[in-house]
Amino acid sequence: QAAILEVRGLRVTYPSRGGRGPARAVDGVDLTVDAGEIVALIGESGCGKSTLARALVGLVKPTSGEVHYRGTGLRYSNSALKRYRRHAQLVLQDPAGALNPRQNVFDLVAEGPRLHGLTSDLNVRVRDALALAGLRPPEHFLSRFPHELSGGQQQRVVIAGALALEPSLIVADEPVASLDASVRGEILRLILNLRNDLGLSALVVSHDLGLAWNIADRVAVMYLGRIVELGSVEEVLLRPKHPYTRALLSVLPDTVADRAPILLSGEPPEPTSIAPGCRFHPRCPVAGALTADDPRLQLCRGRELPVISGGGRRESLVACHLATETEPAPMVGSSAEA
Ligand code: SF4
Ligand code: MG
């Protein structure tokens, strides 16, 4: 398996604002996406996943660390970035906001190819992209405007716009969050089919761990700027080891409800004030159950686990001192497996 994308020690820090300290939005991430692989990046809002997604497609320049595309480090000149973005396309949550309401479908999908000078075969390119995105027959859609399309069709137009550049990688930030529940599965299936038929790689960002079950090969769980658990979808969803992953899973509606939801205490995290030690410790139910004099609590409070080295290839990761001491895993229920 060749890596399409490899991220090493990536950090994105935003400057202080309004009396608050600098925000360490992405705070040391190693991650690999292989050719033809779908990786789900899961976390709550504010955990840095959208910033990481933007850094992966070159829209945000990392404060430190590296993004490698097919083994070559990304450079941040305008021309290098423009070339890179042909290969790595970002798809956002809200298709209505992403589509210019005054442009028809042909012009919307043709925008990327025009920008990149790919105009000699533009008609074929646009039609092929629409067909790949499931808008068939393409002729039926070319002269329509966004308001004449359903939310699902709008998202397909956005995806067609990405596909028109024949990318190797799609980074999709909450691609189904703004859609009706009835069409979410269709869009996820589309991403899955693009991988199966074209060998496209995808990084799909979501707050929904259940979504990972439906499309991902591997899952990365992000908390406050770091990946805290990484592994195959079976490992992470059926045998989660990190207390944070376990808490996220326990509140999924599909989780077999023979155990109580693990409710997290404390405020939602802010990347301007990251606790020393394990960054999850202020909210961690496992640490919270330890007595004050328990030496294991000193580990939780005192020592941060290192960033994984070697680019986080294949091997799984659990950034928890007490990972092996947590309870057996909840099971994902039948409706999530559909
Ligand atoms: Fe919880 Fe400690 Fe593990 Fe952090 S290291 S997740 S605080 S048990
Ligand atoms: Mg976001």
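A: The protein averages a pLDDT of 89, and 90% of the residues score at least 70; pLDDT is the predictor's confidence in each residue, from 0 to 100. This is a predicted model, in which local features need pLDDT of at least 70 and side-chain atom pairs count only at pLDDT 80 or more, while totals for chains, interfaces and linings use all residues. Residues are numbered from 1 along each chain as its sequence is written, and chains are lettered from A and ligands numbered from 1 in the order in which they are written.

Q: Over which residues does pLDDT stay under 50?

A: That stretch is residues 333-338.

Q: How is the packing of two helices described?

A: The description uses the angle between the axes and the distance between them. Here, the axes of helix α6 (residues 151-163) and helix α7 (residues 181-198) come within 10 Å and cross at roughly 20 degrees. Axes are lines fitted to C-alpha atoms, for helices over the stretch in contact, and angles run from 0 to 180 degrees between N-to-C directions. Helices are DSSP runs (H or I, at least four residues), numbered from the N terminus. Therefore α6 and α7 are roughly parallel to each other, a term for angles under 35 degrees.

Q: Which residues of α6 and α7 meet?

A: Gly151, Gly152, Gln155 and Ile159 in α6 meet Val183, Glu186, Ile187 and Leu190 in α7, contact requiring C-beta atoms, placed from the backbone, within 7 Å.

Q: What ipTM and pTM does the predictor give the complex?

A: The ipTM is 0.96 and the pTM is 0.92.

Terms used: Helix = DSSP H or I, 4+ residues; strand = E, 2+ residues; numbered from the N terminus. Parallel < 35°, antiparallel > 145°, perpendicular 65-115°, else oblique. Contact = placed C-beta atoms within 7 Å.
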